[in-house]
Amino acid sequence: MDILNFFKIIFAIIAIVATTYIFPIITAICCHENFWIFAVPMFCAWAAFFAIYMFTRKRPIKLTIKSTFVIVASAWISCSVFGAIPFLLSGYFHSITDAFFESVSGFTTTGATILSDVECLPRSLNLWRCETHWLGGMGIVALTVALFPLLGVGGFQLIKAETTGPEKGKVTPKITTTAKILWLIYFSLTLALFVALKICGMDVIDALSHAFSTLGSGGFSTRNASIAAYNSPAIEWIITLFMFFAGVNFSLFFYLFTGKFSEIKSNSEFKTYVTLFILIIFSVALIIRTTGAPMAGNPEGYKNFGEALRYSAFQVASIISTTGFSTCNYTDWIPAAQFLIFILFFIGGSSGSTGGGIKVVRLVILVKQVKNEMLKMLHPHGIFTVRLNQKVGRKDVVFSVASFITIYAILVFATTFFGCLLGPDLDIFSAFTGALSMVGNVGPAFGKLNPAANCGFLNPGLKWIYMFAMLAGRLELYTMLMFLIRDFWKK
C-alpha cells in the first residue's frame, strides 16, 4: 500500500478522535481547568491530517489483506498514543508507561487503572478517561468509516479486522450505512442512559462519564468507590440494565427497531446470553443471601433477598459484559459465589457487542459440536451439523472457533507466565486471573488485582505486556498476532 495513503488513513482516524476532545475542553472551561492539554493536541492532529490530505487527495486508496491488518493495528496503537498525551501533559501521570497504560486500557475498554485516587484528577481528565471507553467500544475504525467516505474502499475489510465475534456481517448492503446505523443506536442508548443517570441524581459530568463507560463496557469511574459511591439502588439497577445491553449484539437492536422480531427470537447467542445472565444472577444471589456473605459497610451480610439480588445482578452484569464496575468486592464473598463470577471471565459478551472475552457464540458453537460428536458415536453413519439461529452453520466455523480459543488460551498462559516472572508481588492466581482480565478486557480480577485494587504497583515491563494483551484481546487476537508470523512479512 502507498505509504502516504497509509498515513492519510491513520491521521484521519486520529483527527476523528481529536474532535471528541471537545467534550473535555468544554468541561475544562466550565470547571476552570487547564483546557490546553486537550486543545493543543486537537489542533495539531487536525493540522497534520489536512496537510497530508491536501497532498494526497487525488491518490486512490487500494487496500490489500496485509495492509488491512497493518492499518487497524496501527490505528489502535496511534490512537492510544494520542489519547495518552493529555494524561502526560496534565502532570498526574509520572511516566510514559503509566499514561500509555491508562490510554490503552481506556480504548480497549478494559478499565484497569494505575491510579489509586481518581477523584484527585481534574473533572475534564476523568471525562476523557471514560470517553476513551466509548470510542473504543463500538470501534474507532468503524466510526471513521461511518464519517469519512475516503475509507469507503475496503471499509468492510477494515471493520472485519476490528469487529468482535466469529461472524462478520452487515445489517444493510453498504458497510458505511451499517456503521452509521450501529453508531446511531450506540449514541441513542448512551443518551438514554445519560438522561436516566441525571434524573437519578448524578451531575452532568458524572452522568456523561458513566454513560460513556457503561455503553463502552469499560469500567472507568469518576469515583474511587466506583458506582458504590453513589449509594443509590436506582442508579445501580439502571447501570445493570445498560451493562446488559452493552453485552448484546448491536445488530439485534437494529432488528428490534425495524420490527424484525423473528431475527431476535431465533438468535442462538442471545438466548444463551440471557439464560446465563439470569441463571447466574439468581444463583449468586441465593448463595450470598443464605450464607450471610459480607457486603461493603455491613459485615453481617445482606438484609433480604432483594438486596442480595441487586448486588448479584450488578456484579454479574459487570463481569459478563466485561464492564468492570463494582458496588462491592466480590472477592469478599464465599468461594461458591466467587466461582460463579470466575466462570464469567471465560465467557464475555456477545459477538458484535462492546463486550470483550471469548464471546457467547463461540461457546455455543463448541457445545453444539460436542453434542454432535457424541451423536456420531451413537450413529456412526449419521450426518450432524451445527445449527445457529435455526440455520445450518458453515463447517469451517467450528475450526475457526477452536483455533481462536486455542490462541486465546496460549495468550492467557503466556501473559500469566510474564505476570509471575515480572510481577514478584503477584501470586500465581492473581497473575492468572489478571491475564484473563487483560486478554478478555474485563478490568478487575482476583487476588491482588481485585476490584478494590489498581495496577499502579506492577512492574513497568509487565504493564507493557498487559498493554499488548489488552490490544490483542480487543482486536480478536489475530490482528495483533498476525505480525508475529513469518509468512506475513513475505512478499
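This is a predicted model: local features need pLDDT of at least 70, side-chain atom pairs count only at pLDDT 80 or more; totals for chains, interfaces and linings use all residues.
Now hide the rest and keep helix 14 and helix 17. Their axes lie 9 Å apart and the helices pack at an angle of about 100 degrees. Angles of 65 to 115 degrees count as roughly perpendicular, so that is how helix 14 and helix 17 are placed relative to each other. To see the contact itself, pick Ser268, Glu269, Thr272 and Tyr273 on helix 14, then Val360, Val361 and Val364 on helix 17. Sorted by class, this contact of helix 14 with helix 17 has four nonpolar residues, two polar ones and one charged one.

Next, head for the largest nonpolar core, which has 144 residues. Select Phe250, Trp333 and Ile341, the residues with the most contacts inside that core. Zoom in on Phe250 and, setting aside neighbours within four places in sequence, you'll find it in contact with Met138, Leu182, Ile185, Tyr186, Leu189, Leu215 and Phe245, and also with Gly352, Ser353 and Thr354.

Jump to helix 15 (residues 305-320) and click on Arg310. Is this arginine buried or exposed? With 13% relative accessibility, Arg310 counts as buried, because the cut-off for buried is under 20%. Leaving out residues up to four places away in sequence, Arg310 touches Pro233, Glu236 and Trp237.

Go to the loop between helix 5 (96-107) and helix 6 (123-138) and select Thr109. Its phi is positive, about 60 degrees, although Thr109 is not a glycine. Thr109 is also buried, with a relative accessible area of 1%.

Then move to the loop between helix 10 (204-215) and helix 11 (233-246), where Ser217 is found. Here, too, is a residue other than glycine with a positive phi: the value for Ser217 is near 50 degrees. How accessible is Ser217? At 0% relative accessibility, Ser217 counts as buried.

Methods
Residues are numbered from 1 along each chain as its sequence is written. Side-chain values use heavy atoms; hydrogens and water are left out. Helices (H or I, at least four residues) and strands (E, at least two) are DSSP runs, numbered from the N terminus. Buried means under 20% relative accessible area, exposed over 50%, partly exposed in between (1.4 Å probe, protein chains only). Contact means heavy atoms within 4.5 Å. Axes are lines fitted to C-alpha atoms, for helices over the stretch in contact, and angles run from 0 to 180 degrees between N-to-C directions. Angles under 35 degrees count as roughly parallel, over 145 as roughly antiparallel, 65 to 115 as roughly perpendicular and the rest as oblique. Ala, Val, Leu, Ile, Met, Phe, Trp, Tyr, Cys and Pro count as nonpolar, Asp, Glu, Lys and Arg as charged, and the others, Gly among them, as polar. A nonpolar core is a set of buried Ala, Val, Leu, Ile, Met, Phe, Trp, Tyr and Cys residues joined through side-chain atoms within 4.5 Å.
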